[in-house]
Amino acid sequence: MGLGVLAQIRCVVFDVGETLVDETRMWTVLAQQLGLTPFTLCGVLGALIATGRDHHDLWEAIGVDRPAADIDVGQCDLYPDALECVAAVRRMGLAVGIAGNQPAAIDQLLSAAGMEADFIASSAAWGVAKPDPAFFVRLISEARLPAESILYVGDRVDNDVLPARAAGMRTVFVRRGPWGYLHALKDEASLADLRVHSLQELTTLLSANRG
């Protein structure tokens with residue numbers, strides 16, 4: 001995508017995990033709860049991602065039941081550039097959305113962490129999860145804008161770039177987190193309209209494009 005297309009964007013919607021939120025603490029706590037080292041748990045997780053398996057297969061792979069409780073997100077879990085990027089987008093006069101495969105309480109947790117958005121949604125609240133096309137249909141309805149004027153930002157090719165693109169949205173692939181680094185090796189990563197290494201880089205691009 002030529003950067004000039006950014007001028008058509010009226011709403012930026014962010015994924016949550018490994019886009020806004022650094023999940024290091026979450027996986028570390030889960031490992032401790034299971035009596036494993038974080039290195040072991042994350043090593044198995046990375047292997048599953050690399051072989052294209054769902055990360056929910058992790059519990060079967062290590063032979064335990066999936067932990068029942070979710071780890072609450074706090075401000076300390078946000079990537080350092082997350083709050084500023086969201087705030088910068090708002091200062092540009094663009095609408096901001098946050099939508100990802102998350103528990104229903106994520107809206108309250110992110111709001112408490114300082115995130116200000118026009119809408120914060122979750123797969124649990126909507127009853128549909130990425131990459132189901134219905135998730136992105138709901139997202140477009142929530143934004144109340146044409147799909148082509150919405151920019152979806154995420155760290156995964158399979159869950160973010162490809163389904164958002166299929167729904168008619170513009171996309172940003174963020175190369176960070178385990179999915180980001182491994183999915184950057186996929187040919188499909190080139191289908192993202194923009195590829196960045198951080199939200200700070202995205203902020204710079206958006207600011208420069210909008211003068």
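The protein exposes about 9,900 Å² of surface, and carbon and sulfur atoms supply 51% of it. The structure is a predicted model, in which local features need pLDDT of at least 70 and side-chain atom pairs count only at pLDDT 80 or more, while totals for chains, interfaces and linings use all residues. Residues are numbered from 1 along each chain as its sequence is written, and side-chain values use heavy atoms, with hydrogens and water left out.

Of the 211 residues, 47% count as buried. Buried means under 20% relative accessible area, exposed means over 50%, and partly exposed lies in between (1.4 Å probe, protein chains only).

The overall form may be considered next. A compact globule with 211 residues would have a radius of gyration near 17 Å, and the protein agrees with this because its value is 17 Å. This radius is taken over C-alpha atoms, and the globule rule is 2.2 Å times the number of residues to the power 0.38. Along its principal axes, the C-alpha trace spans about 50 × 40 × 30 Å. The secondary structure comprises 10 helices and 6 strands; helices (H or I, at least four residues) and strands (E, at least two) are DSSP runs numbered from the N terminus. Among contacts between residues at least 6 apart in sequence, 59% join residues at least 24 apart, where contact means heavy atoms within 4.5 Å.

One residue may be examined individually. Ala-124 lies in helix α6, which covers residues 123-126, and is partly exposed, with a relative accessible area of 46%. Leaving aside neighbours within four places in sequence, Ala-124 is in contact with Gln-102, Pro-103 and Ala-104. The C-alpha atoms of Ala-124 and Val-21, which are 103 residues apart along the chain, are separated by 18 Å.

A search of the whole structure finds 0 disulfides, a disulfide being a pair of cysteine sulfur atoms within 2.5 Å. Two cysteines are set out below.

| Cysteine | Relative accessible area | Closest cysteine sulfur and its distance |
|---|---|---|
| Cys-42 | 35%, partly exposed | Cys-76, 16 Å |
| Cys-85 | 0%, buried | Cys-11, 13 Å |

Definitions and conventions. Areas by Shrake-Rupley, 256 points an atom, 1.4 Å probe, with all protein chains shown as cover.
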